[in-house]
Amino acid sequence: MNPSDAGRLLEETGAIRSGHFLLSSGRHSDVYVEKARLLERPAVVRAIAGELASWHPDVEVVLSPAVGAIVLGFAVASAVGARFVFAEREADRLSLRRGFEIEPGERTLVVEDVVTTGASALETWNLALDAGAVALGVAAVVDRTQANPDFPFRALVRIDAQSWIADACPECARGVVVDSPGSRHLPTRAERSPSSRG
């Protein structure tokens, strides 16, 4: 699968949405990638995973952040014949739980679905480094970063979409209601304001 194929799949499955969205990073954007539209199709996931796996054929462990990247990370691990572990957020930080461990020296690939600010991917990457792993890089389906991340990074598709902090969001300034479609709901400015409390 090449970037054109992946881009076409994003369009055909309705994974690219336009509007006013709250991203899991807390930023606002006029474009949202609804990766669930891809992940609900096993054949598509296998095809994407096979491509990501081909970039790092010597992986021993695939590590993904929960929850959005679990399906993709598992599929990449299956494609490359590696173990799969995932990190979960606990007390506002990612950690390995459920007895998951990465051994020192294990060749570890971080697999993400969509990278916007890179904060979650960096946190996951640092988990691998802290465990003493040989961290190979971060592989993702979609790159929508606005700056170079602080880790080796490759994505299948690049989407140039703007995002803003809430206080600088032009859609908020126009009074457009924000949609929070992701799995990790963050309160909007209206929900945080005293007048919105019952």
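Tutor: Start with a rule: a disulfide is a pair of cysteine sulfur atoms within 2.5 Å. Keep in mind that this is a predicted model.

Student: How far is the sulfur of Cys-172 from the closest cysteine sulfur?
Tutor: The closest cysteine sulfur belongs to Cys-169. A disulfide needs the two sulfur atoms within 2.5 Å. The pair is too far apart for a bond, because the distance is 3.8 Å.

Student: How many disulfides does the rule give?
Tutor: The rule asks for two cysteine sulfur atoms within 2.5 Å. By that rule the count is zero. Cys-169, for one, is in no disulfide, and its nearest cysteine sulfur is that of Cys-172. So the number of disulfides, by this rule, is zero.

Student: Is Cys-169 buried or exposed?
Tutor: Buried means under 20% relative accessible area. Cys-169 has 3% relative accessibility, so Cys-169 counts as buried.

Student: Where is the cis peptide bond that involves Val-67?
Tutor: Val-67 lies in the loop between S3 and H4. Look at the bond that joins Val-67 to Ala-66. Its omega is near -5°, and the cis bond runs from Ala-66 to Val-67.

Student: Which residues does Gly-68 touch, leaving out those up to four places away in sequence?
Tutor: Gly-68 sits in the loop between strand S3 (61–65) and helix H4 (70–80). A contact means heavy atoms within 4.5 Å. With residues up to four places away left out, Gly-68 touches Lys-35, Leu-39 and Asp-113.

Student: Is Gly-68 buried, partly exposed or exposed?
Tutor: Buried is under 20% and exposed is over 50%. Gly-68 has 22% relative accessibility, so Gly-68 counts as partly exposed.

Student: How far apart in space are Gly-68 and Asp-92?
Tutor: In sequence, Gly-68 and Asp-92 are 24 residues apart. Asp-92 is in the loop between strand S4 (83–90) and strand S5 (93–96). From C-alpha to C-alpha, the distance between Gly-68 and Asp-92 is 16 Å.

Student: What is the phi of Asp-92, and is Asp-92 buried or exposed?
Tutor: Asp-92 is not a glycine, yet its phi is positive, about 65°. Its relative accessible area is 66%, so Asp-92 is exposed.

Student: What is the phi of Arg-98?
Tutor: Arg-98 is in the loop between S5 and strand S6 (107–115). At 60% relative accessibility, Arg-98 counts as exposed. Arg-98 is not a glycine, but its phi is positive, at about 55°.

Conventions. Residues are numbered from 1 along each chain as its sequence is written. This is a predicted model: local features need pLDDT of at least 70, side-chain atom pairs count only at pLDDT 80 or more; totals for chains, interfaces and linings use all residues. Side-chain values use heavy atoms; hydrogens and water are left out. Buried means under 20% relative accessible area, exposed over 50%, partly exposed in between (1.4 Å probe, protein chains only). Helices (H or I, at least four residues) and strands (E, at least two) are DSSP runs, numbered from the N terminus.
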